[in-house]
Amino acid sequence: MTSHTAPRDFTLSDFDFELPPELIAQHPTTERSGSRLLDGSSPAVVDRIFHELPGLLNAGDLLVFNDTKVVKARIFGEKASGGKLELLIERVLPGHQVVAHMRVSKKPLLGGKMYLAGGARHGGFDAVLLGRWPDENGQLFHLQLSDEPHALMEKHGVMPLPPYIERPAGTGDHADTAEDAQRYQTVFARAPGAVAAPTAALHFDEGVLTTLKARGVQTASVTLHVGAGTFQPVKTENIAEHTMHSEWYEVPEATQQAIAECKARGGQVVAVGTTTVRTLESWAKFGRASGDTQIFITPGFDFQVVDRLITNFHLPKSTLMMLVSAFAGYEHIMGLYRHAISNQYRFFSYGDAMLLKRTALGSQAS
């Protein structure tokens, strides 16, 4: 089989697996780098601890992080009629406008007013519905806020934890826990705009970063503002029919240069997280250093930038399962997941990590 042979046709069911609910991590490990690391970068799988990562990389390799910062994007309020609602602000636009998901029993009418966090009269703020987004049939809502959105979210919002992380009443819905406010954020978060953390990067702490630097491993960053669509399930058995969500990304010139230099010296580009993969491969595929991407990476995808990947364990039937299968080979990934489940690895955002190596395109059909 040549490297240009198309892989077999995959369906949604191929990416399903049974996950015991108790393996879904509800809290982070005591130390960021104390989580487990499943080293799947060779056929012989090795169980490690994350702080061993620097020893698995070489001088001249380049680690690329996503420096997005999770914003307190979940806000509670009510319609003018008194009906309760919840907003999840997905994107900030110019002119105090935002795009948001809305949870409400009956959607407000165009031009309808909403009172968030008590409304402007009671120390909160107001919003007006301008329409749907990105078009009249869009699933998101286009809103005009009464003040600067980032400041309003910081003051009145709640950290938008993933739906599979449960918090007791009174600590998860209307208030942050101190643990989540600190730990559902990377140590190098810089650019506010994400509604979900780039979770593979949550394992890095100052100790690991210092050791990497001492070993001669270089670092660079990109930005991709993770949207709530990352949790959106794939509902079509024919995965080609799935409509991928859109996210904004940027690959700075300094990072482009660092990647070129890494490739020139024979180093490996190591992506920290699937969001970094999506960013770098969007840039390579479409030639745009910034903009929106709806890239959908499934087996058969021709990776052009990323050589190795650090990633957490993902939801069954998710686009992220498809991405890692495209990267490291479907059979290899399913074997790693079987190993992880039988060895009680912790799953999803606060869970453990694995290290993967890019497989040859042709071997993904096995």
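Are Phe65 and Phe188 buried or exposed? Phe65 is buried, and Phe188 is buried too; the cut-offs are under 20% relative accessible area for buried, over 50% for exposed and partly exposed in between, with a 1.4 Å probe and protein chains only. The views below come from a predicted model, in which local features need pLDDT of at least 70, side-chain atom pairs count only at pLDDT 80 or more, and totals for chains, interfaces and linings use all residues. Residues are numbered from 1 along each chain as its sequence is written, and side-chain values use heavy atoms, with hydrogens and water left out.

**View 1. Aromatic pairs around Phe65.** A pair of aromatic rings is described by the distance of the centres and the angle of the planes. Rings of Phe, Tyr and Trp (its six-membered ring) pair if their centres lie within 6.5 Å; planes under 30 degrees apart are stacked, over 60 edge-to-face, and the rest tilted. The whole structure holds 18 aromatic pairs. The rings of Phe65 and Phe188 have centres 4.4 Å apart and planes at 45°, so this pair is tilted. Phe65 belongs to strand E3 (residues 62-66), and Phe188 to the loop between helix H2 (178-183) and strand E11 (191-194), 123 residues apart. Helices (H or I, at least four residues) and strands (E, at least two) are DSSP runs, numbered from the N terminus. Phe65 also pairs with Phe204: centres 4.9 Å apart, planes at 90°, so edge-to-face. Phe204 sits in the loop between E11 and helix H3 (206-214), 139 residues from Phe65. Phe204 is buried, as is Phe65.

**View 2. An aromatic cluster, and charges over rings.** Ring pairs join Phe17, Tyr164, Phe231, Phe313, Tyr337, Tyr345, Phe347 and Phe348 into a cluster. Over the ring of Tyr345 sits the charged end of Arg36, 3.8 Å from the centre. The criterion is NZ of Lys or CZ of Arg within 6 Å of the ring centre and within 35 degrees of the ring normal. Elsewhere, Arg121 lies over the face of Tyr115, 4.9 Å from the ring centre.

**View 3. Strand E14 and its partners.** In a regular strand the side chains alternate between the two faces of the sheet. Strand E14 (residues 269-272) is covered on both faces: Val269 and Ala271 are buried on one side, Val270 and Val272 on the other. E3 and E14 run parallel, joined by 3 bridges. Strands pair if DSSP finds at least two bridges between them. Leu63 is opposite Val270 of E14. E14 also runs parallel to strand E16 (residues 308-312), again with 3 bridges. There, Ile310 in E16 is the bridge partner of Val272.

View 4. Most residues other than glycine have a negative phi, and most peptide bonds are trans. Pro134 is in the loop between strand E9 (125-133) and strand E10 (140-145). At 32% relative accessibility, His96 is partly exposed. Lys317 lies between E16 and helix H6 (319-328). Its relative accessibility is 31%, so Lys317 is partly exposed.

**View 5. Helix H5.** The 13 residues of H5 (residues 274-286) should span 18 Å at 1.5 Å a residue, and the end C-alpha atoms are 18 Å apart, which agrees. The expected span is 1.5 Å times one less than the number of residues. Of its 13 residues, 10 are buried, among them Arg278, Glu281 and Trp283. Just after H5, Gly287 takes a positive phi of about 75°.
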